[in-house]
Amino acid sequence: MSHLFTCQNLTHSFGAQVLFRGINLVVSEGDRIGLIGPNGSGKSTLLKIIAGLVDSDEGELLSRRHLRISYLAQSDELEDEQSIARNLEAPLLPLGLDDAERHVRVQSLLSRAEFPDPGCSAGQLSGGWRKRLAICRSLIVQPDLLVMDEPTNHLDLEGILWLENLLAPSSPESPAAFVLVSHDRLFLEHCVSRVVELSAVYPDGSFQVSGNYSQFLEEHKRFLELQAEQEDRLSNKVRRENEWLSRGPKARATKARYRIDAAHRLQDELSSVKGRNRALSSVQMGFEGTGRKTRKLLEAEGLSRVYAGRTLFADLDLVLTPGSRLGLLGRNGCGKSTLMEILAAAGDEKGPQPDTGRISLANGLHIVSFDQRRTAINPELTLRRALAPDGDSVIYQGRSVHVVSWAQRFLFRPDQLETPVGRLSGGEQARILLADIMRQPADILLLDEPTNDLDIPSLEVLEESLLEFPGALVLVSHDRFLLDRVCDRILGFDSQGGVEFFADYNQWLAALAGAQELDAESVVPVPAQPASREKKKQKGRLSYMEQREYDGMEERILQEEERRDGLKQELATEEMAADAVQLAACWQKLQDLEAEIEQLYQRWDVLETKKESGV
């Protein structure tokens, strides 16, 4: 297996900040390398150095003679006025190919990319299709080494699956080797054969593991455990040597000078290991619930929405309860974000409304949403004002937190507080929005692509926070790992107005594969049916009195919960605390009321089960 490219002792700084130091990387034919690391570790810069777009401060680059490198940037450089075919042909012009060869390459990739209208201009394409075109442009020159920076950005899930197939070793378009940066863990799992992480936690600044992402995680965990043990051992040695050094000049004079020098070297080594272990700091997240116990937070019936003459979804029924976690899946433009906007505006007549159907909310419901477009961020604001709009502190979980401490929870340094938000990276801006919604107690969280630009450590913390959130969650994300771990139900959009519920991502994927198989077999098309949805609940056999009891149950529970809250306030007063007899009586009332509320919830469950089962 011949070497294509070698990096030796690369070092690069951005101003006074050293991004990485002493990086070594060898790329050979057949290598499929995934480059990961925290935001700001220099991943994109390293890719640009490999592609010859940026010079390193120190180190050496060695490449095979006549090596052809193609670079895919995060933002595309398409010619908007030119057609898709012309955009694909442009990188081939400097290669001196004849017309027939250029035509064959263009038509081959047009076929593989599945563009719905190859004759349209690049400026008419959506973000996902623009990314497909940019990927095809980087592949059409048939590079020996393909360098890709976040290739899955802007792709929907079908686009990501398409890219995985395109990069498979069996694909005729797959390059001899590639190096890519990605935060999509399942994409890394499926596509790479070596993982390289850039991080200050490692002695050499990087850590390389041959294998997929799962194997990397195992080796990474083992390394961190060994480094933590090393810190403990060094701490014990340093403590013993310090005790010896503190015995006084007379005792030290009788000892060999080398031991004194060795003790100082031990202290330096311990300081270095401690610094690396402390570099593991990650974002601290936690979404606050309101503590509401209402069984139904939101109920939607018969929702439909038409946009530009196309039905996005029709006859959609949806119930959100505390603890429910719903993921939305489908192609870009299928209506996921539109549904999120309708749910976010529920109860507000001025907000986006469905064309048909109704949405019912529990009284006093708090809905908090995250918008993927990030329009809530004013780029002129300083980081200090964006994090703490009302002063130098924020209220979080009932406590006042100074803006410096609040910023550090999201990995911002105190010296960044006066930086305009517009000068921060995409990952940093995403953390600002997450910080904002964390300050708001919520019954329902609506998160539209919250993972964009977040590094893997932040994604892992986000997962844990969402799993611990007690309210309802509706999540739009192309991060399949996140969806699979967090969501207990998936709502799939078919881009023809149909919606269907699935148990998990894998079930949706199997249904998608089945639909594509039918298309490939050229089955005679049938008229599009309204959504394949959850079956309408049959009316149960509740008696007249039971139906009346069921209809008034939620209101009755709310009234009893208000009484309970009033008793709790009474218990907290100074007058109550001074009267032991009154205190005992009030406490007993509270206990009786808690038991009654619990019985009401149980009765509600019984009636609802009977109503839904029809028995």
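The legends below describe close-up views of a predicted model.

**View 1. Helix α1 and the residue that follows it.** Helix α1, which spans residues 43–50, is mostly covered, since six of its eight residues are buried. Those buried residues are K43, T45, L46, L47, I49 and I50. After α1 comes G52, a residue with a positive phi near 80°.

**View 2. Strand β5 and its partner β6.** Strand β5, made of residues 69–72, has a covered face with S70 and L72 and an uncovered face with I69 and Y71. In a regular strand the side chains alternate between the two faces of the sheet. Strand β5 pairs with strand β6, residues 145–149, in the parallel sense and over four bridges. Within this pairing, S70 stands opposite L146 of β6.

View 3. Most residues other than glycine have a negative phi.

View 4. In one, the side chains of R358 and E301 meet at 3.3 Å, taken from N to O. Because R358 lies in strand β13 (residues 356–361) and E301 in strand β10 (residues 298–307), this pair ties together parts that are 57 residues apart in sequence. R358 counts as partly exposed at 41% relative accessibility, and E301 is likewise partly exposed, with a relative accessible area of 34%. In the other, the side chains of R305 and D355 meet in a salt bridge at 3.6 Å, N to O. Here R305 lies in strand β10 and D355 in the loop between α10 (336–344) and β13, so the pair ties together parts that are 50 residues apart in sequence. R305 is partly exposed, with a relative accessible area of 22%, and D355 counts as partly exposed at 43% relative accessibility.

View 5. E464 forms a salt bridge with R485, and the closest N and O atoms of the two are 2.4 Å apart. The pair links distant parts of the chain, with E464 in helix α14 (residues 456–468) and R485 in helix α15 (residues 480–486), 21 residues apart. E464 is partly exposed, having a relative accessible area of 35%, while R485 counts as partly exposed at 37% relative accessibility. Both residues belong to a network of salt bridges that links R185, E463, E464, D479 and R485.

View 6. The residues R233, K237, R239 and R240 form a positive surface patch. One of them, R240, is found in helix α7, which covers residues 213–245. The relative accessibility of R240 is 46%, so this residue counts as partly exposed.

Terms used
Residues numbered from 1 in each chain as written. Predicted model: local features only at pLDDT ≥ 70, side-chain atom pairs only at ≥ 80, totals over all residues. Heavy atoms only, no water. Patch = residues over 30% accessible without salt bridge, like charges linked within 9 Å, V, L, I, M, F, W, Y side chains within 5 Å. Areas by Shrake-Rupley, 256 points an atom, 1.4 Å probe, with all protein chains shown as cover. Salt bridge = Lys/Arg side-chain N within 4 Å of Asp/Glu carboxyl O. Lys, Arg positive; Asp, Glu negative; His and termini not counted. Charge placed at Lys NZ, Arg CZ, Asp CG, Glu CD. Helix = DSSP H or I, 4+ residues; strand = E, 2+ residues; numbered from the N terminus. Buried < 20%, exposed > 50% of the residue type's maximum accessible area, 1.4 Å probe, protein only. Pairing = 2+ DSSP bridges.
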